[in-house]
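Please read these notes with the model open beside you.

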Amino acid sequence: MKLQLFHKSVQEKVHEKVKKNIEKLHHTLPNWERYLLMCCVPLYFMLISLTQQAPGEVLKGVENIIREPDILISDYFVVGGVGAAFFNAGCLAIISLGILCFTKSDFDGSCIVAACLMFGFSLFGKNLLNIWSILMGYVLYAKVHQVPIKKYLYIGFYGTTLSPIITQIMLTKTLPFHWQLLLAVSVGLIIGYVLVPISLHTKHAHMGYSLYNVGFSCGIIATIVTSLMKSFGAKIESRLLWDTGHRLFGFHSLLALFLTLILLSLVIGRGETLSSYFEMLKESGVGGPDFLKKYGDYPTIFNMGVNGLLMTLLLYYTGGDFNGPTIGSIFCVVGFSALGKHIRNILPVLIGVIIASYLKIWDLNDPSSTLTLILSTTLAPITGEFGILWGMVAGFLHSSVALNVGAVYNGTNLYNNGFAGGIVAIFLVPIIQSVRSRMKPSALYKKEGGTGTNESK
């Protein structure tokens, strides 16, 4: 007995030492270097966009972005120009990273997602003015409930998906300006305040099988808010602003970035990058596992580069446009490559959407369909947990739901595919589990030789 306890103690010490060595190997970059490295991405786009728009026009473009409605789909390439769009997005991404750093948030997968979402969706919906009341609402929640601000700060950033509601209220002409401003700020504070409890609750509904959980919770909030607005006579008109003139610029810009990420991770990370990446591919993605914490910096950067390159090539070879909404959506995939997505669990979902485009009444290159293709990867955990076939089924269903569910809240939720993905997961996962549980006795019956006896059961 004593010998067994001794061996057990030795094994535990060895495992602990190995674990510490792995963590030391993986986490080679301190927090401040990670923040600086992440800031390089928006800076890259801010600089290259100056080849498309003169600096003097950028500020005027930013002013147009702030003044215009932000309802889906409002491409800031059209509203303010390419330079203004990337300046707006770059500023918001860097400010977000600065806030996360100032609050001493540990740089993890959620920080990467927050930065990528702030950058990506600031190309078609979030701007330098309309996000702040929602963030202040989250701060109010944290203060009232005595929660450290950094604990759910990433949810506060995700929640700025409802920023178009703030702009919409500010553009209402039926009230004096000071009442419009007061109402907009109040609504933003309420949204930010209720965001955390609703988001934490909705995750249980789809059990982590949709990665865009805040998109699902914000879809519910947007439905309530827009219903109230309509009840008081507010009109929310749909929009479609879609740039088609910067296809090659967008393609080459993304191609250069993602190839750089891949090469950088391979050169600096060396053998560790690929070995850890192949281990990462075994992850199901359910619940959004933090790849940065589990596998380290360079495998995560490599995964981000691979997924970004995949989506860039897919968009290009399917004839899609490269503009604010599509580049922003690709960055959503890149961000969640640190929190659950990899090439094995997103490909079947994408194939399901592509198959649907040949059988349904919409075309894959329609604006809404293009965004649905890219963002359908929220359902990647279904592939990871249940297999390729069910992943394709999830993509097939998602394509229909995402293209119709936005009518409920008139495009005021930028994470429309997050809401659709949550609905599909809630509908599909119980069916899959029921089918699989029904098949298990049959499989066991065959394995036992088909005796059908109680002993075989």
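**Notes on the predicted model**

1. The structure holds 23 aromatic pairs. A pair here means Phe, Tyr or Trp rings (for Trp the six-membered ring) with centres within 6.5 Å; planes under 30 degrees apart are stacked, over 60 edge-to-face, the rest tilted. One of the pairs is Phe119 with Phe331, edge-to-face, at 5.0 Å centre to centre and 65° between the planes. This pair links distant parts of the chain: Phe119 is in helix α6 (residues 109-121), Phe331 is in helix α16 (residues 324-335), and they are 212 residues apart. Both Phe119 and Phe331 are buried. Buried means under 20% relative accessible area, exposed over 50%, and partly exposed in between (1.4 Å probe, protein chains only).

2. What kind of pair do Phe251 and Phe322 form? Their planes lie at 65° with centres 5.9 Å apart, so the pair is edge-to-face. Phe251 sits in helix α12 (residues 247-269), Phe322 in the loop between α15 (297-317) and α16, 71 residues apart. Phe251 is buried, with a relative accessible area of 8%. Phe322 counts as buried at 0% relative accessibility.

3. Ring pairs also build a cluster from Tyr44, Phe45, Phe77, Phe86, Phe119, Phe258 and Phe331. Elsewhere, the charged end of Lys360 sits over the ring of Phe396, 4.1 Å from its centre. The criterion is NZ of Lys or CZ of Arg within 6 Å of the ring centre and within 35 degrees of the ring normal.

4. On provenance: this is a predicted model, with local features needing pLDDT of at least 70 and side-chain atom pairs counted only at pLDDT 80 or more, while totals for chains, interfaces and linings use all residues. Residues are numbered from 1 along each chain as its sequence is written, and side-chain values use heavy atoms, with hydrogens and water left out.

5. The largest nonpolar core has 120 residues. Such a core is a set of buried Ala, Val, Leu, Ile, Met, Phe, Trp, Tyr and Cys residues joined through side-chain atoms within 4.5 Å. Phe86, Leu123, Ile165, Met311, Ile330 and Phe331 have the most contacts inside it. Another core, of ten residues, lies apart from it; Tyr209, Leu379, Leu428 and Val429 are among its members.

6. Where is His342 found? His342 is in the loop between α16 and α17 (343-359). At 1% relative accessibility, His342 counts as buried. A polar atom of its side chain lies 2.7 Å from the backbone oxygen of Glu283. Leaving out residues up to four places away in sequence, His342 touches Met280, Leu281, Glu283, Phe291, Asn303 and Asn307. Contact means heavy atoms within 4.5 Å.

7. Helix α7 (residues 132-144) has 13 residues, which should span 18 Å at 1.5 Å a residue; its end C-alpha atoms are 18 Å apart, which agrees. The expected span is 1.5 Å times one less than the number of residues. Ser133, Ile134, Leu135, Gly137, Tyr138, Tyr141 and Ala142 are buried in α7. The buried residues of α7 pack against α8 (153-158), α9 (163-170) and α10 (177-206). Just after α7, Gln146 takes a positive phi of about 55°.

8. Overall, the secondary structure comes to 21 helices and zero strands. These are DSSP runs numbered from the N terminus: helices H or I of at least four residues, strands E of at least two. Buried residues make up 54% of the 457 residues.

Notes: A polar contact is a pair of N or O atoms within 3.5 Å; within protein, one must be able to donate a hydrogen and the other to accept it, and residues adjacent in sequence count only if both atoms are side-chain atoms.
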